Amino acid sequence: MYKLLDRLLARVIKLLTLFSLLLLAFAIIFIFRESLVFFQEVSIFKFITGTTWNPLYSPDTLSIFNIILGTLYVSLIAIVIALPIGIGCGLLLAGYTGGRPSRLIRGIIDILASIPSVVYGFIGLLVLVKFLENNLAMAAGESVLAGGILLAVMVLPYIISTCNESMTKAYQTHSPYSHALGVSKNYLLRKIVFPESKRAILAATVLALGRAMGETMAVMMVIGNAPIAPKLLGKCQTIPSLIALEMGMAQVGSLHYHGLYAAGFVLMMVLLIINLILYFVRKTIVT
Amino acid sequence: MNVLELNNLDAYYGDRKILYGINMSIKKNAITAIIGPSGCGKSTLLLGLNSMLEEYGGRTEGQILFKGKELSSYQKEEIRRQIGIVFQKPSPFPLSIYKNLTYAPIYYGIKDKGKLKEIVETKLNVAGLYEEVKHNLHASALKLSGGQQQRLCIARALTVEPEVLLLDEPCSALDIKNTANIEQMLKKLAQDYTIVIVTHNLAQAKRISNYTAFLLDGQLIEYDTTAKVFSAPNDRRTKEYIEGIYG
Ligand SMILES: Nc1ncnc2c1ncn2[C@@H]1O[C@H](COP(=O)(O)OP(=O)(O)OP(=O)(O)O)[C@@H](O)[C@H]1O
Ligand SMILES: [Mg+2]
């Protein structure tokens with residue numbers, strides 16, 4: 001009886017795995033097909049290395065180099081800000097589990113993760129952009145920096161919860177033996193729990209990078225959406241916000257329309273490559 | 001001289017009382033064995049002696065004197081440093097052999113590389129592990145065998161220079177040869193340290209200890225020199241246990 005159930009369960013799990021793989025393949029194929037039309041007109045090389053995006057003119061002016069840079073720039077800033085904070089929070093939570101404050105903090109983190117991104121966008125626009133305008137003497141606060149900071153806040157909960165699980169486990173496993181030597185909690189966290197969590201931290205980074213690069217709404221509201229070479233305090237454009245902004249205006253079937261699909265395809269490939277690289281890096285980390 | 005004195009010591013996990021009014025004094029530079037059937041509270045007693053019990057959600061009531069002073073009047077760090085413990089399950093940190101042994105010394109402020117190296121080598125030697133690992137000090141400690149890991153843990157407990165060493169069935173995962181090694185080492189250590197060892201192995205208690213305590217259902221039934229306990233126990237229950245009636 002149990003054997004039968006076991007086998008059935010194994011089947012179901014295999015089927016579900018297959019299904020999710022199919023979904024991924026389907027998404028890639030679908031976007032690729034839509035962008036194929038475009039790549040017949042404009043070479044893929046030109047598309048990703050050219051610096052002008054001007055859909056009103058000839059196909060020559062449909063390239064997204066600046067926009068790819070903008071996407072990466074904003075996301076990297078977000079990670080650079082969020083990762084250290086996230087790791088610190090994760091360690092702190094791991095060392096102080098069970099207590100009421102830690103449960104409260106976890107609750108808050110979950111809530112932070114569930115705030116809709118438009119709301120983050122509003123807050124970014126009202127608080128962050130205003131703040132930058134007033135304090136950094138910028139003509140317009142919409143900038144790479146604003147997008148990066150906002151995204152950092154948005155990915156922080158993901159980083160914390162991804163790291164926290166393995167940190168908590170490492171802490172609980174080793175804390176009696178460390179305490180038995182009279183050693184402090186912080187020392188244990190630094191010397192053992194942190195190095196033990198390298199894989200989890202890497203996983204968190206990938207997850208956060210994926211979220212950051214794919215985030216549309218909130219980013220769109222604070223980066224100014226100008227497809228120019230991105231500077232820290234200047235406007236920029238990211239692929240998702242480009243697509244969201246222009247999809248409505250592009251005539252269905254036009255080169256512009258297919259160009260947006262092509263941009264989406266490039267974004268997906270970049271993410272896939274980042275995931276693959278980190279997958280192999282992760283394998284080389286010995287724990 | 002008594003290093004540790006327990007006066008009317010009770011221990012609890014939550015509401016459950018595990019130890020009942022234990023009175024015993026532990027002699028300096030001697031090996032004291034704690035024997036008794038499984039679940040009678042031996043580990044609990046040991047954990048109480050360096051206030052590790054609270055890390056596991058338990059607590060003690062009554063008095064423990066360490067070198068004549070109330071145990072609770074010491075800083076916890078100080079207690080743990082002076083009363084080391086080795087657990088039943090080998091528990092190396094997921095670090096190299098070398099770093100397992102420098103973990104605590106570095107925390108206590110020893111920075112000099114040469115000094116650290118010396119600590120690593122002496123303690124490994126004391127634990128009888130040096131010859132086996134001297135060529136891979138930087139290999140992961142998790143790659144050692146169970147017996148080697150246990151000896152590493154003993155060495156690690158010694159790196160903070162404790163006065164008392166508590167051991168909870170340190171040999172239960174080891175073969176005869178490893179056990180003999182550890183027994184020999186403990187005898188040698190007893191010249192400098194006070195040792196309290198929990199063991200299921202009566203022959204072992206008889207071989208190495210100077211004093212033996214017999215616990216049954218959380219009560220101290222008998223506590224005397226090992227020779228006395230094994231040859232002419234006062235209590236019928238001790239006699240029965242030693243003769244193998246409780247198993
Ligand atoms: N963390 C814990 N929480 C609650 N109860 C516990 C805990 N650890 C042990 N106990 C209980 O305390 C009692 C004494 O346990 P203890 O570990 O001291 O026994 P022991 O004599 O060391 O046994 P063994 O020889 O099997 O190691 C047991 O009945 C056990 O169920
Ligand atoms: Mg035990």
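Is A:Phe265 buried or exposed? In this predicted model, A:Phe265 has a relative accessible area of 10% and is therefore buried, the cut-off for that class being under 20%.

A:Phe265 takes part in an aromatic pair with A:Phe39, in an edge-to-face arrangement with 6.5 Å centre to centre and 65° between the planes.

With 0% relative accessibility, A:Phe47 counts as buried. Ring pairs join A:Phe39, A:Phe47 and A:Phe265 with A:Phe32 and A:Phe38 into a cluster. Over all chains the count of aromatic pairs is 16.

The surroundings of A:Phe47 extend beyond these rings. Leaving aside neighbours within four places in sequence, its contacts include A:Trp53, A:Leu62, A:Ile64 and A:Phe65, as well as A:Gly259, A:Ala262, A:Ala263 and A:Val266.

A:Phe47 also has a place in the largest nonpolar core, which has 116 residues. A:Phe47, A:Ile64, B:Leu4, B:Leu45 and B:Tyr103 are the residues with the most contacts inside this core. Helix α6 (residues 144–179) of chain A gives the most to this core, with 16 residues. Another core lies apart from it and has 44 residues, among them B:Ile97, B:Leu158, B:Leu202 and B:Tyr241. In soluble globular proteins, nonpolar side chains tend to be buried together.

Charged side chains also meet aromatic rings. In chain A, A:Lys185 lies over the face of A:Tyr96, at 4.2 Å from the ring centre. In chain B, B:Arg59 is placed over the face of B:Tyr12, at 4.4 Å from the ring centre.

B:Ser38 has a polar side-chain atom 2.5 Å from an oxygen atom of ligand 1. A polar backbone atom of B:Gly39 is 2.8 Å from an oxygen atom of ligand 1. For B:Tyr13, a polar side-chain atom lies 3.5 Å from a nitrogen atom of ligand 1.

Methods: Residues are numbered from 1 along each chain as its sequence is written. Chains are lettered from A and ligands numbered from 1 in the order in which they are written. This is a predicted model: local features need pLDDT of at least 70, side-chain atom pairs count only at pLDDT 80 or more; totals for chains, interfaces and linings use all residues. Side-chain values use heavy atoms; hydrogens and water are left out. A nonpolar core is a set of buried Ala, Val, Leu, Ile, Met, Phe, Trp, Tyr and Cys residues joined through side-chain atoms within 4.5 Å. Buried means under 20% relative accessible area, exposed over 50%, partly exposed in between (1.4 Å probe, protein chains only). Helices (H or I, at least four residues) and strands (E, at least two) are DSSP runs, numbered from the N terminus. Contact means heavy atoms within 4.5 Å. Rings of Phe, Tyr and Trp (its six-membered ring) pair if their centres lie within 6.5 Å; planes under 30 degrees apart count as stacked, over 60 as edge-to-face and the rest as tilted. A charge sits over a ring if NZ of Lys or CZ of Arg is within 6 Å of the ring centre and within 35 degrees of the ring normal. A polar contact is a pair of N or O atoms within 3.5 Å; within protein, one must be able to donate a hydrogen and the other to accept it, and residues adjacent in sequence count only if both atoms are side-chain atoms.
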